Amino acid sequence: MISEKNSLSASSAPYRSGVVTILGAPNVGKSTLLNQLLQQKIAIVTPKAQTTRNRIMGIVTGPDFQILLLDTPGLHAAKEEINRRMVKIALASLADADAVLFLVDCSVWNHDKRISKAEEYAGYLKKITKPVVLALNKQDLIPQQQLLPIMDWCRTLHPFASVVPVSALSGQGVDVLLAELVTLLPEGPQYYPEDLPTDATERFIAAEIIREKIFLLIRKEVPYSTAVVIDSFEEGDPAVIRATIMVERDSQKGILVGQKGKMLATIRQSAAADIAQVLDRRVRLHLWIKVSKDWTENTAILRDLGLV
Ligand SMILES: Nc1nc2c(ncn2[C@@H]2O[C@H](COP(=O)(O)OP(=O)(O)OP(=O)(O)O)[C@@H](O)[C@H]2O)c(=O)[nH]1
């Protein structure tokens, strides 16, 4: 499961294991990095912000380490009930962590932006008492000569355990990052089998992939009003999955269904193809849409979705 790239050389070093929480603003590339570290798709990746809602644990195992990675919803000013809960989940996951991986998108940092970002980050970093590794993501988008000054400036923000430029997309720098994280873990046992990439269930991953397709295919705000519930999941080949997409209003339902049902068919086809790839078998996917008014403010529904 673990590629050459991800394995540190075997040595007489003690076995280290522990929890690393990935924190960062929306859209900086947390899910992409998690997938890169695990060499497969378990977290959904979309160009829209705030698509990660629940904590997802990825398990990276090497010859003498095991890192349990928690991907968290992006940190951001929370207005609605669902957003407040997402931020709460992100901050709560810090309590369990041995170390924090703070991810930023350094490609957007011209000077002015850096100053305002510094103020924003200072607020989050103050709350973190665990060692923090700062990963400067999307380094592929900036000229190399800009990297060193940015790294120096970052070190003035917080006593980071280390500052590592990476490209979550290409994998550049990811092995260095992994090695830095391992040094921060306590000595400990291997908690999970080495070939297990995540503790997320197949149901959960299927629901996340459907949600990813909605985010990729539907414009504007509609995806933020959707949730996916797996009604049934029959093992076997093909796996038969029945899922309901919840929306808040009839008009949103119309957009999801599309003209003559074309949009829903596209969502279904592309989700089924990805789920089949992850499950490594054929998939028959059935989708329904249900209008559930104001579900994003409804505590009972949020609890069902694991967002409380
Ligand atoms: N060029 C480049 N793009 C990247 C890199 N990492 C992520 N991206 C892109 O940035 C966008 C957001 O990535 P995600 O991984 O969904 O970001 P996230 O932080 O998980 O987002 P939220 O779910 O909103 O918290 C996607 O379009 C990615 O392809 C990188 O290293 N380089």
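Predicted model: local features only at pLDDT ≥ 70, side-chain atom pairs only at ≥ 80, totals over all residues.

**A helix on a sheet**

Author: Happy to! Helix α6 lies across β7 and β8, and its direction is at about 135 degrees to that of β7.

Reader: Thanks! What is the order of the strands in that open sheet?

Author: The order is β7-β8-β9, three strands with mixed pairing. Because β7 and β9 (283–291) each have a single partner strand, they stand at the edges, and one side of each has no neighbour in the sheet. On average, neighbouring strands here are turned by 20 degrees against each other, ignoring direction.

Reader: How many bridges join β7 to β8?

Author: Seven, and the two strands run antiparallel. If you want a pair to look at, V228 has I245 in β8 as its bridge partner.

Reader: Got it. Switching topic: what about the backbone, which peptide bond is cis near P238?

Author: The bond joining D237 and P238 is cis, with omega at about 5 degrees. P238 sits in the loop between β7 (227–234) and β8 (239–247). As background, most peptide bonds are trans, and most residues other than glycine have a negative phi.

Reader: On that note, what is phi for K138 and for K260?

Author: Phi is near 65 degrees for K138, which is a positive value in a residue other than glycine. K260 also has a positive phi, near 55 degrees.

Reader: Where do I find those two lysines, K138 and K260?

Author: Look for K138 in the loop between β5 (132–137) and α4 (147–155). K260 is in the loop between α7 (250–257) and α8 (262–279).

Reader: Is K138 buried or exposed, and what about K260?

Author: K138 is buried, because 22 other C-beta atoms lie within 10 Å. K260 has 8 other C-beta atoms within 10 Å, so K260 is exposed.

Reader: Now over to α1. How many of its residues are buried?

Author: Eight of the nine residues in α1 (residues 30–38) are buried, so to speak mostly covered. Those buried residues are K30, S31, L33, L34, N35, Q36, L37 and L38. Just after α1 comes Q39, with a positive phi of about 60 degrees.

Reader: Last one, zooming out: how many helices and strands does the chain have, and what share of its residues is buried?

Author: There are nine helices and nine strands in the chain, and buried residues make up 36% of its 308 residues. Also, of the contacts with a separation of 6 or more, 71% are between residues 24 or more positions apart.

Notes. Residues numbered from 1 in each chain as written. Helix = DSSP H or I, 4+ residues; strand = E, 2+ residues; numbered from the N terminus. Buried ≥ 20, exposed ≤ 12 C-beta atoms within 10 Å, placed from the backbone. Contact = placed C-beta atoms within 7 Å. Pairing = 2+ DSSP bridges. Axes fitted to C-alpha atoms, helices over the stretch in contact; angles between N-to-C directions.
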